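Dear colleague,

Please find below the structure I promised to hand over. My notes on it follow directly after, and I would be glad if you read them with the model open beside you.

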Amino acid sequence: MTEVSVTKDAAPAADPLVVLDNVNKHFGALHVLQDIDLTIARGEVVVVIGPSGSGKSTLCRTINRLETIDSGSITIDGKPLPAEGRELARLRADVGMVFQSFNLFAHKTVLENVLLGQLKVRRTEKKLAEEKARALLDRVGVANQADKYPAQLSGGQQQRVAIARALAMDPKVMLFDEPTSALDPEMINEVLEVMQQLARDGMTMVVVTHEMGFARSAANRVVFMSDGRIVEEAQPDQFFSNPRSDRAKDFLSKILHH
Ligand SMILES: Nc1ncnc2c1ncn2[C@@H]1O[C@H](COP(=O)(O)OP(=O)(O)O)[C@@H](O)[C@H]1O
Ligand SMILES: [Mg+2]
């Protein structure tokens, strides 16, 4: 674990971008999200941590409506999430998502992966879209891989392409669900560095991760989930040095001393 102690100032809560208000969701008998209230300010970086099965992925997936909710509301930029159709496609573009398992289109080249959404959802003109795709691939450090297929790249390179693909849509917010969990250890940092840079550039980000070094250096706020609830939230320094709840203490002792 890297120890970096640069803490960003807390973003002003005055400019909310993503607002979850009393959100509840069940999977059958399982109450997977319980009374979730969470407001993410524009430009804020929120790291979500918690034990496996606590609902972190489900929380992310509700924000771009990969999962519906049973009650409560979710708004982005003041607007409720659209239910279907072109509006929903646009929402998915506004909310970039990066998964543990890259999820690139296997039969498209790297460049095509970053082009597709721009052409189909944003209806960007081809030449502009390609310029933008190449610039983004350069930004994440894989410009020279543009004509290869995903399987020809390392996991770390594929994940950086996945980030470029999401960024190509000019998202309002980026969700990362354990983006480095499937990577070999030597590739974790190259992905975290791209995410760090994105955070510094002011992107609004929700990041589910066990990388505590990233949380300490990039997050404005840490949200700790357990059993479908937000149990605790605090600035990273405060959370790591002085967790208040027993569940957070227990969780931290397990991941910090494993
Ligand atoms: N589609 C689904 N159907 C039924 N149960 C699910 C589904 N997705 C997740 N779950 C359950 O919901 C709980 C929370 O899952 P998840 O959000 O993936 O947690 P986390 O990401 O924190 O590990 C787990 O008990 C999981 O088994
Ligand atoms: Mg998960």
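Ring pairs join Phe224, Phe239, Phe240 and Phe251 into a cluster, where rings of Phe, Tyr and Trp (its six-membered ring) count as a pair if their centres lie within 6.5 Å, and where planes under 30 degrees apart are called stacked, those over 60 edge-to-face and the rest tilted. By this rule there are three aromatic pairs. In one of them the centres of Phe224 and Phe239 are 6.1 Å apart and the planes stand at 35°, so the pair is tilted. Because Phe224 belongs to strand β9 (residues 221–226) and Phe239 to helix α8 (residues 236–241), this pair ties together parts that are 15 residues apart in sequence; helices (H or I, at least four residues) and strands (E, at least two) are DSSP runs, numbered from the N terminus. The rings of Phe224 and Phe251 have centres 5.6 Å apart and planes at 45°, so this pair is tilted as well. With Phe251 in helix α9 (residues 246–256), the pair ties strand β9 to a part 27 residues away in sequence.

As for burial (under 20% relative accessible area is buried, over 50% exposed and in between partly exposed, with a 1.4 Å probe and protein chains only), Phe224 has a relative accessible area of 0% and is buried, while Phe251, at 9%, also counts as buried. Phe239 is buried too.

The model is predicted, so local features need pLDDT of at least 70 and side-chain atom pairs count only at pLDDT 80 or more, whereas totals for chains, interfaces and linings use all residues. Residues are numbered from 1 along each chain as its sequence is written, chains are lettered from A and ligands numbered from 1 in the order in which they are written, and side-chain values use heavy atoms, with hydrogens and water left out.

Turning to ligand 1, the residues surrounding it (those with a heavy atom within 4 Å) include Phe27, Leu30, Val32, Pro51 and Lys56. Helix α1 (56–63) and strand β2 (30–41) each supply at least two residues of this shell, and α1 gives the most, with three residues.

Polar contacts here are pairs of N or O atoms within 3.5 Å; within protein, one must be able to donate a hydrogen and the other to accept it, and residues adjacent in sequence count only if both atoms are side-chain atoms. An oxygen atom of ligand 1 lies 2.9 Å from an N or O atom in the side chain of Ser57, and a backbone N or O atom of Gly55 is 3.0 Å from an oxygen atom of the ligand.

With best regards
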